[in-house]
Amino acid sequence: CAAMLVPIALLVATNAVMIVATAKELDTINDHAPLAAAAGDCASSLMRERGTMGPYLARGGDDDFERLSARRRETDAACKVLLTEMQSLVVDGRGAWRPGLDTFIGVLGELGTWRGQINLRVANGRAARTFFTDAIRTIGSELVTVTDSLRQNARKFTELQQFVEVRNY
């Protein structure tokens, strides 16, 4: 009977370690899924704003400005969600997100400057489009970072599933 205690104790200890690892991986996925969605929404909104900016710069009509203003409200809402998600990760102690947050805040500052020039129709259209393209690329790089993190977690989760299957066999 005592001989059976060692394998049982090892099995219990292994299961406890695996449960902790699983919980950690699920927490990471839970943290990153909203961030990935927010980054995609913000980048998509910036693309739509960039597309709406051209007609306003070319014609300067009231209808064009109204459409641009509506797009900006959409962009502001989407980018605010991304900013909130990134800030919450940094506040929760995930310092790896701090450089991305600082970069994103810089992009938002430049966005305000460009919008002012576009409103006055003094912005160079090509330079403005380049700014929007670079901003979208910057946000996209954060999405790649999130995706890579999720992919690593998925790989670890698959390894965990394989371990459990072998153990149950």
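Predicted model: local features only at pLDDT ≥ 70, side-chain atom pairs only at ≥ 80, totals over all residues.
**Exercise 1. The overall make-up**

Task: Find how many helices and strands the protein chain has, and what share of its residues is buried.

Solution: 
- Step 1. Count the elements: the protein chain has 4 helices and 0 strands.
- Step 2. Read them from the N terminus: the order is α-α-α-α.
- Step 3. Turn to burial: 31% of the 169 residues count as buried.

**Exercise 2. Asp 64**

Task: Is Asp 64 buried or exposed?

Solution: 
- Step 1. Locate the residue: Asp 64 lies in helix α2, residues 62-91.
- Step 2. Take its relative accessibility, which is 5%.
- Step 3. Apply the cut-off: buried means under 20%. Asp 64 therefore counts as buried.
- Step 4. List its contacts, leaving aside neighbours within four places in sequence: Asp 64 touches Pro 55, Tyr 56 and Arg 59.

**Exercise 3. Helices α2 and α3**

Task: How are α2 and α3 oriented to each other?

Solution: 
- Step 1. Know what to look for: two packed helices are described by the angle and the distance between their axes.
- Step 2. Take both values: the axes of α2 and α3 (residues 98-119) come within 10 Å and cross at roughly 165°.
- Step 3. Apply the cut-off: angles over 145 degrees count as roughly antiparallel. So α2 and α3 are roughly antiparallel.
- Step 4. Sort the residues in contact by class: 12 are nonpolar, 4 polar and 4 charged. Among them are Phe 65 and Leu 68 in α2, and Leu 101 and Phe 104 in α3.

Key
Residues numbered from 1 in each chain as written. Heavy atoms only, no water. Helix = DSSP H or I, 4+ residues; strand = E, 2+ residues; numbered from the N terminus. Buried < 20%, exposed > 50% of the residue type's maximum accessible area, 1.4 Å probe, protein only. Contact = heavy atoms within 4.5 Å. Axes fitted to C-alpha atoms, helices over the stretch in contact; angles between N-to-C directions. Parallel < 35°, antiparallel > 145°, perpendicular 65-115°, else oblique. Nonpolar A, V, L, I, M, F, W, Y, C, P; charged D, E, K, R; others polar.
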